[in-house]
There are 2 protein chains.
Amino acid sequence: MPRARKPKKPNHLKHVLAAFEAGDVAQVHAILADLHPADIANVLEGLPPEPRTTVWAQVDNQHRGEVLLELPEAVRTDLVQQMDDKALVASARALDIDEIADLIPDLSDEVIAEILFDLDKQDRQRLDAVLSYPEDTAGGLMNVDAITVRENITVEVVLRYLRRRGELPEHTNRLFVVDRADRLVGELKVANLLTADLQARVSQIMERGDLVKFSALTPDKDVALAFEDYNLISAPVVDENNRLLGRITVDDVVDVIREQADRQVLAPAGLSEEEDIFAPVARSSRRRGVWLGVNLVTAVIASWVIGLFEQTIQQVVALAVLMPIVASMGGNAGTQTLTLVVRGLAVGTISESNARRLLSRELMIGAVNGLIWALVVAAVAVWWYGNIMIGVLIAAAMVINLGFAALSGVAIPFAVRRFGVDPALASGVILTTVTDVIGFFAFLGLATLFLI
Amino acid sequence: MPRARKPKKPNHLKHVLAAFEAGDVAQVHAILADLHPADIANVLEGLPPEPRTTVWAQVDNQHRGEVLLELPEAVRTDLVQQMDDKALVASARALDIDEIADLIPDLSDEVIAEILFDLDKQDRQRLDAVLSYPEDTAGGLMNVDAITVRENITVEVVLRYLRRRGELPEHTNRLFVVDRADRLVGELKVANLLTADLQARVSQIMERGDLVKFSALTPDKDVALAFEDYNLISAPVVDENNRLLGRITVDDVVDVIREQADRQVLAPAGLSEEEDIFAPVARSSRRRGVWLGVNLVTAVIASWVIGLFEQTIQQVVALAVLMPIVASMGGNAGTQTLTLVVRGLAVGTISESNARRLLSRELMIGAVNGLIWALVVAAVAVWWYGNIMIGVLIAAAMVINLGFAALSGVAIPFAVRRFGVDPALASGVILTTVTDVIGFFAFLGLATLFLI
């Protein structure tokens, strides 16, 4: 059971680092002993490799399991490798079944066997159930600690049962009413238990229609949207025959929402939310290098377009000076549309149903801003070079590019999604390639036609 | 009370649009009558202005308040303007006090007066309490429906009190134990109430040490991090004398997390999470135009740097063709570092304590990738132009630019934050300006020195 802490955060990282640098391991241990596992995880995530190893050794075994679960995958894997089998089995002992399931992928077969040996038969079956679903589904997210009751008993009997049972699983705000075959027939709010007539039957006070329930393979992002929209604390997971498999609780959903948010921010830069900010330089360089390689390809394509107009540039060098403005403005305008669409697709407010209307609106905005900023850029160009024709050409190129930018900003995310790729990951690179190519081509092409 | 719905979402937007286009208003009404307010809000958000007005007119008054609260600010304001005073007062009637507080900024003085007139004295005081704190603080987020008990009574008395009181406020997973002066002395889990001995006193089973509690002015993002880290469902808000002011529930915190996530994604493109995707073209153009203006300034600065080397370019046009590659690779590498740092600052894993270590690590990654991709780019350049010197120069410029990119990626977010600006908003623009300027300056400058 995590201990509650005060919300105004002191800078734990700073204190731990100071103690580490002073060589005061006892002090490190003392600081950590007072912290919630989530806070310990935050400290570890912010530590470079050497202090991290030392600090990890000072975390008590009964907290280590929970700390590991709070860490990004890369950090977790590293720390697991630093632990011997006995310590790993001991850490797992303090965890719930669904938490053990999350840890399993990082463990060796020996450790897994040892942990299974530790569990009673029912828990072993439960662990099997959770492990049989992918991590990013309702089944992978669920816990198997749901309390079930029958519909024909009275409130008094339920209360007596709970009292005898002892401590309730965390975040139990509703019990699940099932029939003899474990099929879900209703839900009983704990709050109702407290206020209902003791002689009332469960069937009289339970909710039965329109229950929010998930099939085991529902994607976790749909689970998150439902929890968010319907303000849920817990919800049941059922199989295809409506048999209760487990329940999902809001604390795990909050983690899903945060992960999704991190992915939306990190993916466009080719980064992963499961990476370690202090990963070995070689590993990070390789991962990021791949992304730079992709970007190099797009940059070379843009350069190749410029190369087509070398002779034009040679005659009017001003073009080389001004051309990045056209590309950059197109890229920025397009990114605005793109960001809007990627986000709308993620939260569900944009879909095929309203895409065409959205496109015509974005094209209008592109036209308005294209015209206005084309005039400004033209003025700058004319003032700079005293050549009206250059001003006219750059203005025309800008309008063309901002039009294509709006079109691409709407079309690319839909296209990327159709190929089964996350729009947040790939859309940005494709868009800037398009706006660079169109920008350079329009400006230099028009110049070749009308200026030379 | 929101009705629960099935999670597998049918495409409500499509159905509503189809009914609207068929002119079948009765069908629109029938679809909406079946939907949860959050789903109605999603449909409205995805609708263009004309259908939106029609559809809004078909939403029942007792749901309208909740629907309004689920909408982005811009959409909410528009819809409020379409309602007469009577309808607004009626919509507010179905809301909790904290929800009414969220709606107040959109209402006219007459409507507010009418709503206040509707409330009893206690609720009016409660509304005042919530309104006295900024929206983005714990005080603005709290509700005033906390159930309080005294520590010297028995579990049996508490249970009897609750049973007489009737329905509990939503998401009541704990009661707050206060003394005579309303000071918070402990928390009593509802789950404990169900399992504890009936004769036990509250003081024996309540939690008293290390409670997670918020002062009214705690920023909402800190509240969100605490809920996330400590897996909370509800938590108390207290004043400076530890007197209970209200409680925050996880459903509101989930909204805060989603809003923050949206802001992190939208802010770097100069967009707001409170905007309407179908806002009038003039309004959107103006808002986005401002952002394009900022970007134009940075693009002109980059062009000005290129302009310094016009004569060099005139002699070696290849430089104009290749220079965007140097700028683009610097921009991409820098954006990776920047994205990592902005996100780390937001979630608290990066701070002044580990900034220097992070910087040296990012510089190393920048050096490794700079060298590797410099060689690749050099090879492309040599193959393209058959000129070894151009290859050497572009490689050197790349190494320089990726070094500065790493430095800027770490330094800029810290600097921006020190000026009190959200790093997510301004860092990206500044970074690409730096990498463009350094990239062009290094490449064209070196060429001027060694090639001419």
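Q: Which strands of chain B form a hairpin with five residues between them?
A: That's β5(B) and β6(B). In the turn, N242(B) has a positive phi of about 70 degrees. Keep in mind that this is a predicted model.

Q: How many bridges join β5(B) to β6(B), and do they run parallel or antiparallel?
A: Five bridges, and the two strands run antiparallel. β5 covers residues 234-238 of chain B.

Q: Which residue in β6(B) is the bridge partner of S234(B)?
A: S234(B) has T249(B) as its partner. For V238(B), the partner in β6(B) is L244(B).

Q: What sheet does β5(B) belong to?
A: An open one of three strands in chain B, in the order β4-β5-β6, with mixed pairing. The edges are β4 (214-215) and β6 (244-249), and each has a single partner strand, so one side of each has no neighbour in the sheet.

Q: And β6(B) itself, how many of its residues are buried?
A: Six of the six, so β6(B) is largely enclosed by the rest of the structure.

Q: What about the sheet with β1, β2 and β3 of chain B, what's its pairing?
A: Mixed pairing again: it's an open sheet of three strands, ordered β1-β2-β3. β1 (148-149) and β3 (184-189) of chain B are the edge strands, each pairing on one side only.

Q: Do β1(B) and β2 pair in the parallel or antiparallel sense?
A: Parallel, over two bridges, with β2 spanning residues 174-178 of chain B. Within that pairing, V149(B) stands opposite V177(B) in β2(B).

Q: Switching topic: what rotation superposes chain A on chain B?
A: A rotation of 180 degrees, with 0.0 Å of shift along its axis and an RMSD of 0.1 Å. The two copies are thus related as by a two-fold rotation axis. The same surface serves both copies, since 99% of the contact residues of chain A recur in chain B.

Q: How many residues does the contact take from each chain?
A: It takes 111 residues from chain A and 111 residues from chain B. On the chain A side that touches chain B, the classes come out as 58 nonpolar, 32 polar and 21 charged residues.

Q: What does helix α17 of chain A pack against?
A: The buried residues of α17(A) pack against α22 (423-450) of chain A, together with α19 (318-347) and α20 (352-385) of chain B. The helix itself spans residues 281-307, and its buried residues include S284(A), R288(A), L292(A), N295(A) and I306(A).

Q: How many residues are in the largest nonpolar core?
A: 291 residues. Those with the most contacts inside the core are L319, I394 and F443, from chain A and from chain B. As general background, nonpolar side chains tend to be buried together in soluble globular proteins.

Q: What is L319(B) in contact with, leaving aside neighbours within four places in sequence?
A: T312(B), I313(B), F443(B), L444(B) and A447(B).

Q: Last one: where is A74(A) found?
A: In helix α6 of chain A, residues 73-81.

Q: Why does A74(A) count as buried?
A: Because A74(A) has 20 C-beta neighbours inside 10 Å. Beyond neighbours within four places in sequence, A74(A) is in contact with E274(A), E275(A), D276(A) and A279(A). As for L131(A), 57 residues away along the chain, 21 Å separates its C-alpha atom from that of A74(A).

Technical notes. Residues are numbered from 1 along each chain as its sequence is written. Chains are lettered from A and ligands numbered from 1 in the order in which they are written. This is a predicted model: local features need pLDDT of at least 70, side-chain atom pairs count only at pLDDT 80 or more; totals for chains, interfaces and linings use all residues. Copies are superposed by least squares on the C-alpha atoms of residues with pLDDT of at least 70 in both. Two residues are in contact if their C-beta atoms, placed from the backbone, lie within 7 Å. Two strands pair if DSSP finds at least two bridges between them. Helices (H or I, at least four residues) and strands (E, at least two) are DSSP runs, numbered from the N terminus. A nonpolar core is a set of buried Ala, Val, Leu, Ile, Met, Phe, Trp, Tyr and Cys residues joined through C-beta atoms within 7 Å. A residue is buried if 20 or more other C-beta atoms lie within 10 Å of its own, exposed if 12 or fewer, and partly exposed in between; C-beta atoms are placed from the backbone. Ala, Val, Leu, Ile, Met, Phe, Trp, Tyr, Cys and Pro count as nonpolar, Asp, Glu, Lys and Arg as charged, and the others, Gly among them, as polar.
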